[in-house]
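This report considers how side chains pair with one another in a predicted model.

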Amino acid sequence: MSTETRIPPQSEILPASISGFSGYRWLMVVVAAVAMVATLPGRTHGLGMITERLLNDPDFQLTRASYGMINLWATLWGALFCLGVGQCIDRYGIRLTLTVVMGLLGAVVVGMSTVTSVWLLFLAIMLTRGFGQSALSVVSITIVGKWFDKQVSLPMAIYSVLMSVGFIAAALLGRECADLNWRVFWSGTGWIILGATVVLGLITRDRQAPPADATESRSPENQPEQQSYTLRQAMRTPAFWVFASGISLYGMIVSGISLFNESILADQGFSKEVYYNSLALGTGVGMLSNLLAGALGLKWSFNRLLALSLFMLSGSMIWLTRLKTSGDVAGYVIVSASAGGILTVMFFSVWPALYGRNHLGRIQGLAQMMTVLASALGPLVFAQCKTLTGSYHSLLYLLAACLFCAAVIGWLTPLPQIKSSSTGVS
C-alpha cells in the first residue's frame, strides 16, 4: 500500500454547505452582482458623478470637449482589456482573476484621486475603464456562466436584478456625497472596492465537478460538461456574430439615448420632470423584464428572444419620434425598457448556454469588447446627428430599420449544436 500523502481537493476541504454545487452556486450569483456594482467607477454613469467637479478642478483646466475626447479614447483603449482577462479566467480561474482585477481597479481609483496632470488623469480614466467597465465586467458575467450550464437564463435574471439594485444604492450614496471634494469621494470609493475585494476573494470559489457517484450529478444540469466551443470555433458560427452585433447595436443606442435623453425629450416639448420620471419608470420596468426574460429563457430559444427584443426596440425608436403626451413617453419607456431588460439578460446568458463554459472567458471577453466599443461610439453618433441635422429623428429612423433587419436575421439564424466530445465540436 502506498504511503504517499494525499492532498484532498478543495471540494473535500470545504464544508458540504459551501462546496455543494447546488447551494454554493447561488451565493456566486450574489458575488457576481457585487463585482459588477464595483465596476461603477469605470462606467459612464459612475464617472458622471464627478464630471462637473473634475471640470471645475483648477489642476486640470478641462473643457467639456477636451474631457469628452479623454473619455472617448480612454474607453476605446480600455476595451482591449476584455480580451486578456478572458484568457486569464479560463487559465487561472475566476477566484484569482476576480481578486487581482478588482484589487487593481480599487488601487487605480484611489490613485486617480491624487493625480494633478491631464495626462495622468487620462491614464487613470483609461485604467478605470479597462479594469472596471471591461475586465471586471467580463469576470462578473463569467462567474455565473461558469457555475451554471444550460439553465442559465433564470440565474442571470436574478443577477441582473441584484446588479440593478446595487447600482441604484450606489447612485443614492453618490448623491449624498455630492458636496464632497471629488478627490475625497473617489478615494473613499476606491477603498470601498479594495475592502470588497478582500471579502469576495475569501468567498469566491472555482466550480468543482461533482463526484461521479453523487446523487446530484445524475441530474442533467449537474453533470460535468463534456466539451465546449473554443473562441475560434464560436467565431465560425453565424449565431455568435448575430448575437454580439445585435446586442452591441443595443449598447450603442442605449449609451447615446441615455446621454442625450433629456435633450431628445426637450426637443419635443417635455420638461425635465418628465425626463426624471422616465428614468425612474425605466429602472422599475427594466428589473421586471429581467425576471421575465429569465423565465422566458427556460421555454424559448435564444434566437426567438433576440428577435422579439429587437423588434420591440425597433418600434420604440419610431415611437420616440412621435411623442405627444406624458402617456406617450411612459409607453415608449415601457417598451424600450422591456426590450432592454430582455437583451441584458440574454447577453449574460447566451454564451455559456450556446458555447459551453470551458472557454467562456475568451468568448465573453470578445463579446464584451464589441459592446464597449459600440457604447463608446453611441454618444458621438447621436451628437453628430444633432449637429448636422438639428434633430435626432433621422438617426432614430435609421436605427429602427437596422434593428428590424437584425431582428429578422436573428429569427432566421440557427443556433449552434454542441456535439458529444467523441465527435468534436461542429
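## Salt bridges around D90

K146 and D90 form a salt bridge in this predicted model, with their closest N and O atoms 3.1 Å apart. The two residues belong to distant parts of the chain, since K146 lies in helix α9 (residues 118–147) and D90 in helix α7 (residues 81–92), 56 residues apart. K146 has a relative accessible area of 12% and is therefore buried, the cut-off being under 20%, and D90, with a relative accessible area of 19%, is buried as well.

D90 also meets the side chain of R362 in a salt bridge, with an N to O distance of 3.0 Å. Because D90 lies in helix α7 and R362 in helix α17 (residues 360–389), this pair ties together parts that are 272 residues apart in sequence. R362 is partly exposed, with a relative accessible area of 25%, whereas D90 is buried.

Across the whole structure, a search finds five salt bridges. One of them joins R183 to D57, where the closest N and O atoms are 3.2 Å apart. This pair, too, links distant parts of the chain, with R183 in helix α11 (residues 182–203) and D57 in the loop between α5 (51–55) and α6 (64–78), 126 residues apart.

Both R183 and D57 are buried, and the two residues belong to a network of salt bridges that also includes D59.

## Aromatic pairs

The structure holds 12 aromatic pairs. Among them is the pair of F185 and W186, which is tilted, with 6.1 Å from centre to centre and 50 degrees between the planes. F185 counts as buried at 9% relative accessibility, and W186 counts as buried at 1%.

The rings of F347 and W351 have their centres 6.2 Å apart and their planes at 85 degrees, so this pair is edge-to-face. F347 and W351 are four residues apart in helix α16 (residues 326–355), and are thus separated by about one helical turn. F347 is buried, with a relative accessible area of 6%, and W351 is buried with a value of 0%. Both residues take part in a cluster in which ring pairs link Y229, F240, W241, F347, W351 and Y355.

## A charge over a ring

A charged side chain and an aromatic ring also come together at R304 and W411. The charged end of R304 sits over the ring of W411, at 4.3 Å from the ring centre.

Technical notes. Residues are numbered from 1 along each chain as its sequence is written. This is a predicted model: local features need pLDDT of at least 70, side-chain atom pairs count only at pLDDT 80 or more; totals for chains, interfaces and linings use all residues. Side-chain values use heavy atoms; hydrogens and water are left out. A salt bridge is a side-chain nitrogen of Lys or Arg within 4 Å of a carboxyl oxygen of Asp or Glu. Buried means under 20% relative accessible area, exposed over 50%, partly exposed in between (1.4 Å probe, protein chains only). Rings of Phe, Tyr and Trp (its six-membered ring) pair if their centres lie within 6.5 Å; planes under 30 degrees apart count as stacked, over 60 as edge-to-face and the rest as tilted. A charge sits over a ring if NZ of Lys or CZ of Arg is within 6 Å of the ring centre and within 35 degrees of the ring normal.
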